[in-house]
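Okay, thanks everyone for coming. Have a look at the screen while I talk you through this one.

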Amino acid sequence: MAPDKHRRDSGDQDPLGVGHLKRDLASRSISGGVVTLVAQSIKVAVQIGSIILLARLLTPEDFGLFAIVLAFLAVLELFKDMGLSGATVQRAEVTHRELSTLFWLNAGLGAAVAVVFAALAPGLAWFYDEPLLTGVAATAALTLIFTGFSAQHLALLRRQMRFKTLSVVQTGSEIIAMGAAVAAAASDFGIWSLVLQRLTWGLAMLAGAFLTSGWLPGRPGRLSLIRDQIRFGTNATAAMVLGRLAGSVDKMAIGWLWGPGPLGLFERSQKLTMMPVVNICTPLASVALPMLSRLVDEPDRYRSAYLAVAQRIGMLTAPVAALIFMSAESVTGVVLGEQWSRAAPILSWLGVSLFYAPLTFTLSWLYMSQDRTPEMLRANAVNVCVNMVALAISLPFGPVFVAMAYALGGAFVRAPFLLWYVGRKGPVGSRTFLRILCLPVTAGIAGACLIHFIGSGAVLTEPSVLTSLIYDTGIAVATALTIYLIAPSGRRMLFETLTFRKRIMQMRVNH
């Protein structure tokens, strides 16, 4: 098929080629990071508003029941994708026939996994003794079909480093879905509001991906044509399945032993804790993975690029870690409301994980860009084993102890092992990780200590939860900025961040 027949809205640029990207890779990466963070800031603001509203319109039991479904969907999503979208981003060259074959394979896998999950829905309802799960799980399974059809089109946008378009699609889909959920919850649809949110998001992503990618699939070829992509995807999928299990098995187990109410408290606490990590790291992965994949043959540039992204993530999340750990009651009261007060100790313990989770979240970028997915599989296997041991010990004592075991197990066992293992080879070694962690961990610990000694609980007399949150947030942010300005590396990072626009313009002129 001639290239012109599968191009749309992309001018003369081949939507499958990436050779032109190296000419201005730095400019594209920096501008992509700026665009992504701006779009993500908008999405976070809407997301926080949605969480505040939904927490007051729905009950912990509603969130707990849907968290059971999401825990299983999170794992099944990977079988739908099979790592094939990552293979499309990572490969230096891909043909129209190869991409069409990958598209139809993803679409077929999405439909197959959706049918399997819908068929298992009655068993899920029986296992948790919650009849409502039958309809909820079967309906939510439709999302797997939508995301199966959009996987390769979204991968093309990442491959082409079209970050502005990708941000519009992702942020627009989130906003539309959240609006639908809030409207449904206000109309007393209960848990079905969350189901509608999931379905609306999947449909919006599908429509946006098809309309903006500039590519239409053709007839599929033989599977032997994509043997290398399947090999890459199989290893990546096995590794990510273990990773998702590590993040989902706690919710599966809490829902089974303690019921949907306590699970709802745990799930919302985990959602709030991981929001800064997910909302920063997930969109940046769209920038970092194609960038690192193009630099894999240039170790110094690769290391510098990863260091610049990972350090900024840590610096952004450090004051959030201090705030959540020390001011969990204020955060819970303002964001979730009075009916969620029992979530505060869970949230506080999970806040400890923010000192290391942003960095461990980025390790998959290193494995995938360096084509080391078998090692990623082994690392995630160890991660799951440690999580399972911690869960088995803490589960009988309730969600608070599960959160404590998860956070401390990560700080003293999982994170040190994962960083050592990935740093054994490749451009990014263990010393680089120590450089990345040093500044944000220092800022986070200092902020937590200052909140303890001069925070709202120690200084103010019976403040409202909103006043406490504002006061403690100011301490956490001011402490982090002070430490960043004192440290030479911190000053350099802040200066480079503030001069992004000027550097982008200079790079465009040079190229």
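**A cavity and its lining**

So, the second largest cavity: 15 residues line it, and G314, F355, P358, L437 and P440 sit nearest its centre. By cavity I mean, on a 1 Å grid over the protein atoms alone, a set of points where a 1.4 Å probe fits but cannot get out, and lining residues have an atom within 4 Å of a point. This is a predicted model, where local features need pLDDT of at least 70, side-chain atom pairs count only at pLDDT 80 or more, and totals for chains, interfaces and linings use all residues. Residues are numbered from 1 along each chain as its sequence is written, and side-chain values use heavy atoms, leaving out hydrogens and water.

What is the volume of the second largest cavity? About 100 Å³, counting the space filled by probe spheres set on the points. Helix 11 (299–326), helix 14 (357–361) and helix 18 (430–454) each supply at least two lining residues; helices here are DSSP runs (H or I, at least four residues), numbered from the N terminus. Helix 11 gives the most, with six.

**Two packed helices**

Over to helix 16 (residues 373–394) and helix 17 (residues 399–422): they pack at about 155°, axes 9 Å apart. That makes helix 16 roughly antiparallel to helix 17, the word for angles over 145 degrees. Axes are lines fitted to C-alpha atoms over the stretch in contact, with angles from 0 to 180 degrees between N-to-C directions. Contact itself means heavy atoms within 4.5 Å, and among the residues that meet are V382 and V386 in helix 16 and F401 and Y406 in helix 17.

Terms used:
Angles under 35 degrees count as roughly parallel, over 145 as roughly antiparallel, 65 to 115 as roughly perpendicular and the rest as oblique. On a 1 Å grid over the protein atoms alone, a cavity is a set of points where a 1.4 Å probe fits but cannot get out, and a pocket is an open set with protein on both sides within 12 Å along at least five of seven lines; lining residues have an atom within 4 Å of a point.
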